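This report covers one protein model.

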Amino acid sequence: MSHVRVMLDYFHPWPNSAGLYVARERGWYREAGLDVELTVQDPGRGDTLEYLARGEVDFGLFPPNRLLARRAAPGRRLLAVAAVNHRALEAIQTARPTGITRPRDLAGRRLAYNPTPRGRAMVRHLVAADGGDPDAVITVDAGYRELTVDDIAAGEADATFGTYWSWDALRGDLPEEQRLTWPVDEIGAPRYHSYLLGTSESLADARPDLVRAFLAATARGYASAAADQVGARALLERVIPYFSRPLIARSLSLVAPTWTDANGNWGVIDETRMGPYADWLARHKAVPHARDWRSSYTNDLLATAAAGAE
């Protein structure tokens, strides 16, 4: 058995990682000779990519913009080997009492988000795409805190950016009819994979059979989690018992369709998303350059893993 450490995409598990838990619970990793440990990051020691770069985990889930930024810096080369989400998960959210009815109304209002270069660029893009003045948006630096609609109702901000329409936007006690949530890919954002699954180039080169075995079992886990959401929810309740059953169930129902592309395939990284998004990031100075985007990922290991599983 090969011990494999996998770092998830958030500070705690949430339904987007359900496929990994299902694959482990059903014994599909063990069948592949893998003893899989699922873990989350300690922000004091960096994000998932930093753990991968130090060799402290074997696989991890991360956003493509962070991968492109990491590859532009010196150090261990990292490689995306599968796509987890085929849609953007981020959203702008507000509450009806604010009077905000569309993104351009954010001009002159307080928007809470983590104002990274990429975050600022996305906010400006979305407001301008709706005909608003991005210079007039008032930034409330929320850092890593995820504000809910209850925080908006309490007056901490007029809206939020960066909350996930399939998770954070579902939380809070404000009645559904008082909420407005706009997924960014429905209001003019460039197309991108929210999360990729990756490893180091050195592991992919030295142990391609291990990577293929992991991908085949993981694809099987995500397919099962989507098909049997009641079973997946029960597994998640064991690792995030502090979230309610209805919240987990609703999140699963929303995020599961993002796990496959238009052809029903899990994991295939789409160059028509990666290339234009890399160019957009570079143009808005969210990454140093877009030269390396083609070599930042491969579908070859996934393809051979799928062929071997047939």
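## Surface and charge

The protein exposes about 13000 Å². Carbon and sulfur atoms supply 48% of that area. Accessible areas come from the Shrake-Rupley method with a 1.4 Å probe, and for residues only the protein chains shown count as cover.

The protein carries 36 positive and 39 negative charges, and their mean positions are 1 Å apart. Lys and Arg count as positive, Asp and Glu as negative; His and the chain ends are not counted. Each charge is placed at NZ of Lys, CZ of Arg, CG of Asp or CD of Glu.

## Basis of the model

This is a predicted model, in which local features need pLDDT of at least 70 and side-chain atom pairs count only at pLDDT 80 or more, while totals for chains, interfaces and linings use all residues. Residues are numbered from 1 along each chain as its sequence is written, and side-chain values use heavy atoms, with hydrogens and water left out.

## Overall fold

The protein has 12 helices and 10 strands. Both are DSSP runs numbered from the N terminus: helices are H or I with at least four residues, strands are E with at least two. The C-alpha trace spans about 55 × 45 × 40 Å along its principal axes.

For 310 residues, a compact globule would have a radius of gyration near 19 Å; the protein has 19 Å, which agrees. That radius is taken over C-alpha atoms, and the globule rule is 2.2 Å times the number of residues to the power 0.38. Of the contacts with a separation of 6 or more, 78% join residues 24 or more positions apart. Contact means heavy atoms within 4.5 Å.

## Nonpolar cores

Buried residues make up 54% of the 310. Buried means under 20% relative accessible area, exposed over 50%, and partly exposed in between (1.4 Å probe, protein chains only). In soluble globular proteins, nonpolar side chains tend to be buried together.

The largest nonpolar core has 53 residues. Such a core is a set of buried Ala, Val, Leu, Ile, Met, Phe, Trp, Tyr and Cys residues joined through side-chain atoms within 4.5 Å. Those with the most contacts inside it are Leu 20, Phe 59, Leu 197, Phe 214, Leu 215 and Trp 259. Helix H8 (residues 208-227) gives the most to this core, with 7 residues. Leaving aside neighbours within four places in sequence, Leu 20 contacts residues including Val 6, Leu 38, Leu 61, Phe 214 and Tyr 222. Apart from this core lies another, of 44 residues, among them Val 127, Ala 189, Val 287 and Trp 293.

## Buried residues in helix and strand

Gly 119 sits in helix H5 (residues 117-129). Gly 119 is buried, at 3% relative accessible area. Beyond four places in sequence, Gly 119 touches Tyr 113, Asn 114 and Phe 161.

Pro 183 belongs to strand E9 (residues 179-183). Pro 183 is buried as well, at 10%. Its contacts, neighbours within four places aside, are Arg 87, Glu 90, Ala 91 and Trp 165.

## Two loop residues

Lys 285 lies in the loop between helix H11 (271-283) and helix H12 (300-309). Phi of Lys 285 is near 60°, a positive value in a residue other than glycine. Lys 285 is exposed, with a relative accessible area of 69%.

Glu 56 is in the loop between helix H3 (48-54) and strand E3 (59-62). At 26% relative accessibility, Glu 56 counts as partly exposed. Neighbours within four places aside, Glu 56 contacts Arg 5, Arg 45 and Tyr 51.
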